[in-house]
Amino acid sequence: MTESAAYKLNGTDRFQLFFDAEARKKTGVGNVIRAVVTLQGKIDEGIFRGAIDDNLALRFLSGIQLWRRWYSRLFHFVNENSNTKPSERLVIHPAADAAALEDALKRDCDLTRGTPLHIDVLYEPLKTVVVISVSHVLMDHAGMELLL
């Protein structure tokens, strides 16, 4: 999929989109895959923002949206928003307390609202905890491993 191309959702994609909508109706959060990574040391916020904005995979994922014609029920993935910086979807939590972790683990990634991914950074005294949340419609466990 290039910046100007659209990718039609196949049957599996449509099932994931249906499941995502149903999960959101029942719990308020769609079908989201998450990875929690703990790094030694406290990474400076500015350095972290720059690193994720320079990451081409995160920039690509940040720009993915669902699109459909008004008369059709068939969705397409499009990426016409490749200028979206991943840091626009970044939330910094100054402390890794229970409330901040709960917020990060309840983060919704809604393709219909243009939020395919979120990144939460939680600071512990000697560690940086990064929670990456991505719509499960876009990737599965293997895809998350590749992203990491």
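Author: Begin with burial: a residue is buried at under 20% relative accessible area, exposed at over 50% and partly exposed in between (1.4 Å probe, protein chains only). The model is predicted, so local features need pLDDT of at least 70 and side-chain atom pairs count only at pLDDT 80 or more, while totals for chains, interfaces and linings use all residues. Residues are numbered from 1 along each chain as its sequence is written, and side-chain values use heavy atoms, with hydrogens and water left out.

Reader: Is Asp20 buried or exposed?

Author: Asp20 has a relative accessible area of 3%, so it counts as buried. Its place is in helix α1; helices (H or I, at least four residues) and strands (E, at least two) are DSSP runs, numbered from the N terminus. Leaving aside residues up to four places away in sequence, Asp20 touches Gly30, Asn31, Cys109 and Val137, where contact means heavy atoms within 4.5 Å.

Reader: Which residues of α1 are buried?

Author: An α-helix has 3.6 residues a turn, so residues three or four places apart point the same way. In α1 the buried residues are Asp13, Gln16, Leu17, Asp20, Ala23 and Arg24. They lie on the same side of α1, because they cover an arc of only 125° around the axis; the arc is taken from the directions from the helix axis to the C-beta atoms. The buried residues of α1 pack against β1 (6–8), β3 (65–67) and β4 (76–78). On the face turned away from the buried side, α1 carries the exposed residues Phe18, Lys25 and Lys26.

Reader: What span should α1 have?

Author: The expected span of a helix is 1.5 Å times one less than its number of residues. Helix α1 (residues 11–27) has 17 residues and should span 24 Å, which agrees with its end C-alpha atoms being 24 Å apart. Just after α1, Gly28 takes a positive phi of about 90°.

Reader: What is the order of the three-stranded open sheet?

Author: Strands of a sheet pair through backbone hydrogen bonds, either parallel or antiparallel. Two strands count as paired here if DSSP finds at least two bridges between them. The order is β1-β4-β3, with antiparallel pairing. β1 and β3 each have a single partner strand and stand at the edges, so one side of each has no neighbour in the sheet. From one strand to the next, the twist averages 35°. Three bridges join β1 to β4, and Ala6 has Val78 in β4 as its bridge partner.

Reader: What is the order of the four-stranded open sheet?

Author: That sheet runs β2-β7-β6-β5, with mixed pairing. Within it, β5 (residues 90–93) and β6 (residues 117–123) pair in the parallel sense over four bridges. The chain goes from β5 through helix α4 (residues 98–105) to β6 in a right-handed β-α-β crossover. Right-handed means that, with the strands pointing away from the viewer, the path from the first strand over the helix to the second runs clockwise. In β6, Ile119 stands opposite Leu90, and Val121 is the bridge partner of Ile92.

Reader: Which strands does α4 lie across?

Author: α4 lies across β2, β5, β6 and β7, running at about 165° to β6. Axes are lines fitted to C-alpha atoms, for helices over the stretch in contact, and angles run from 0 to 180 degrees between N-to-C directions.
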